[in-house]
Amino acid sequence: MIIGGGPAGYEAALVAAQLDADVTVVEADGAGGACVLHDCVPSKTFIASSEVVTSYRDTEEFGVHSEGPGTVTVDAAAVHGRVKRLALAQSGDIHAKLIKAGVTLVKGTAKMGDDTLGHTHRVRVRPADGDAEYAIDAGTVLIATGATPRRLPSAVPDGERILTWRQVYDLPALPEHLIVIGSGVTGAEFASSYLAMGVPVTLVSSRDRVMPHEDADAAMAIERVFRTRGMTILNNSRADAVKRVGDGVEVTLSDGRVVTGSHALMAVGSIPNTADLGLTEYGVNVGPGGYVTVDRVSRTNVPGVYAAGDCTGVLPLASVAAMQGRIAMWHALGEAVAPLRLRTVAANVFTDPELATVGVSQADVDSGKVPARQVMLPLAGNARAKMAGLDDGFIKLFCRPASGIVVGGVVVAPRASELIMPLTMAVENHMTVDQLAHTITIYPSLSGSLAEAARQLMQHDVE
């Protein structure tokens with residue numbers, strides 16, 4: 001029994017079905033859950049439209065003359081329509097895959113029942129079509145209910161001027177001036193894409209830099225790009241309240257300043273969808289903030305009850321959610337399984353340029369928590385980057401001081417989400433910088449800088 005059909009839920013269902021289990025998935029929105037229908041897939045599709053606009057920037061440098069980015073118009077209705085179509089298409093593909101695998105899909109909600117029957121768990125299902133609630137007794141239950149945008153009492157979204165990131169695709173036109181509250185990954189991504197589309201953007205950041213939890217060098221490089229392209233960034237500024245005023249919004253900061261714009265996008269984090277599942281009553285441990293407590297094989301404290309994805313608070317990435325779900329089923333159904341290893345998980349921020357990371361962080365190295373040697377190569381010295389006119393970005397590589405084993409990396413570049421893959425494989429497979437350095441790369445290519453960084457770390461006698 002799987003409650004939630006997002007990446008954690010549907011990937012778990014496919015694994016369980018492959019292992020000949022009788023699988024039922026209960027999902028309120030549709031196959032793929034909020035990730036596919038409202039969050040990750042729509043936002044990255046939206047960003048793809050902004051990337052098309054970006055391609056018109058500085059064309060004269062290449063000997064291609066155009067009227068410039070100002071002449072490019074963005075049809076918001078067409079962009080939003082494409083976002084919604086692709087989300088529904090992806091959901092349909094997942095639905096078909098689950099049905100083909102023999103999974104039973106129920107549109108509705110579910111919660112843990114009042115009692116256990118031996119080694120089974122009772123789950124109460126409420127169908128969305130209004131049919132009567134019924135119970136299913138399952139040997140294994142996976143909680144995979146995801147998370148929802150956090151709403152602040154002083155900044156209540158109205159879907160028209162004050163928005164969550166799920167509501168922007170219903171706007172009839174692009175904002176005249178967008179104020180983004182929150183400079184984490186979500187805030188930075190939307191600020192970047194709207195800026196590329198020609199929308200004046202003000203980014204309100206409560207910290208001294210954008211994306212405070214990312215690599216400092218990378219975050220500052222992207223912040224410099226934002227400012228160069230005209231974004232207004234208010235560092236060390238906390239929004240106390242957001243209110244609608246006529247055809248615009250007023251954002252009141254904690255120091256008394258008031259910032260005005262046409263729309264406000266609230267990007268202040270998410271809360272797990274665990275409040276209505278009956279978990280506490282059933283005896284499942286729920287930690288601070290409502291996150292379900294799990295171990296590295298996705299087990300809760302109740303035997304046979306697992307949890308995966310954003311509702312666990314482990315790492316809010318679709319890739320991690322999917323792996324947590326698979327691991328849960330492999331473990332529950334008796335397959336050999338390796339516990340989740342977050343050190344080998346690559347993450348990406350889809351700004352322009354992108355920011356990708358894997359393995360140990362600069363903070364780990366600087367604090368002495370992880371001994372490592374490092375090198376940072378600006379992309380500006382790469383031949384392919386010069387050809388493409390890429391002045392911003394870099395490759396950073398970390399390795400063990402003596403053995404040269406690669407333990408982490410950072411990439412700031414266009415398509416960093418693709419460039420990080422070789423470093424992820426190196427971290428996962430305990431490869432050395434010598435092995436990376438002896439790998440012949442395409443010339444010219446951005447990936448050539450990965451091998452160059454490795455070559456610069458081959459001196460084993462350097463501490």
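**Helix packing and cysteines in a predicted model**

Student: In which handedness does α3 pass α4?

Tutor: This is a predicted model. In it, the crossing of α3 past α4 is right-handed.

Student: Are α3 and α4 roughly parallel, roughly perpendicular or oblique to each other?

Tutor: The axes of α3 and α4 are 9 Å apart, and the packing angle is about 140 degrees. Angles over 145 degrees count as roughly antiparallel and those from 65 to 115 as roughly perpendicular. The relation of α3 to α4 is therefore oblique.

Student: Which residues of α4 make the contact with α3?

Tutor: On the α3 side, the contact involves Val41, Pro42, Thr45, Phe46 and Ser49. Of these, Pro42, Thr45, Phe46 and Ser49 are listed as buried in α3. The partners in α4 are Val79, His80, Arg82, Val83, Leu86, Ala87 and Gln90.

Student: Against which helices do the buried residues of α3 pack?

Tutor: Helix α3 covers residues 40–54 and spans 21 Å from its first C-alpha to its last, close to the expected 21 Å. Its buried residues include Ile47, Ser50 and Val53. The buried residues of α3 pack against α2 (33–37), α4 (76–100) and α5 (185–196).

Student: How are α1 and α4 oriented, roughly parallel or roughly antiparallel?

Tutor: Helix α1 (residues 7–18) and α4 have axes that come within 10 Å and cross at roughly 25 degrees. Angles under 35 degrees count as roughly parallel. The orientation of α1 and α4 is therefore roughly parallel.

Student: What is the handedness of the crossing of α1 past α4, and which residues make the contact?

Tutor: α1 passes α4 in a left-handed crossing. From α1, the contact uses Tyr10, Ala13 and Leu14; from α4, it uses Ile94, Lys97 and Leu98.

Student: How many disulfides are found in the whole structure?

Tutor: A disulfide requires two cysteine sulfur atoms within 2.5 Å. For Cys35, the nearest cysteine sulfur belongs to Cys40 and is 4.5 Å away. For Cys311, the nearest cysteine sulfur is that of Cys35, 13 Å away. The number of disulfides found is 0.

Student: Is Cys35 buried or exposed?

Tutor: Residues under 20% relative accessible area count as buried. Cys35 has a relative accessibility of 17%, so Cys35 is buried.

Student: What is the distance in space between Arg373 and Arg400?

Tutor: Arg373 lies in strand β20 (residues 373–378). Arg373 has a relative accessible area of 6% and is buried. In sequence, Arg373 and Arg400 are 27 residues apart. In space, C-alpha to C-alpha, their separation is 6.2 Å.

Note on methods:
Residues are numbered from 1 along each chain as its sequence is written. This is a predicted model: local features need pLDDT of at least 70, side-chain atom pairs count only at pLDDT 80 or more; totals for chains, interfaces and linings use all residues. Side-chain values use heavy atoms; hydrogens and water are left out. Buried means under 20% relative accessible area, exposed over 50%, partly exposed in between (1.4 Å probe, protein chains only). Helices (H or I, at least four residues) and strands (E, at least two) are DSSP runs, numbered from the N terminus. The expected span of a helix is 1.5 Å times one less than its number of residues. Contact means heavy atoms within 4.5 Å. Axes are lines fitted to C-alpha atoms, for helices over the stretch in contact, and angles run from 0 to 180 degrees between N-to-C directions. A crossing is left-handed if the near helix is turned anticlockwise from the far one by less than a right angle, and right-handed if clockwise.
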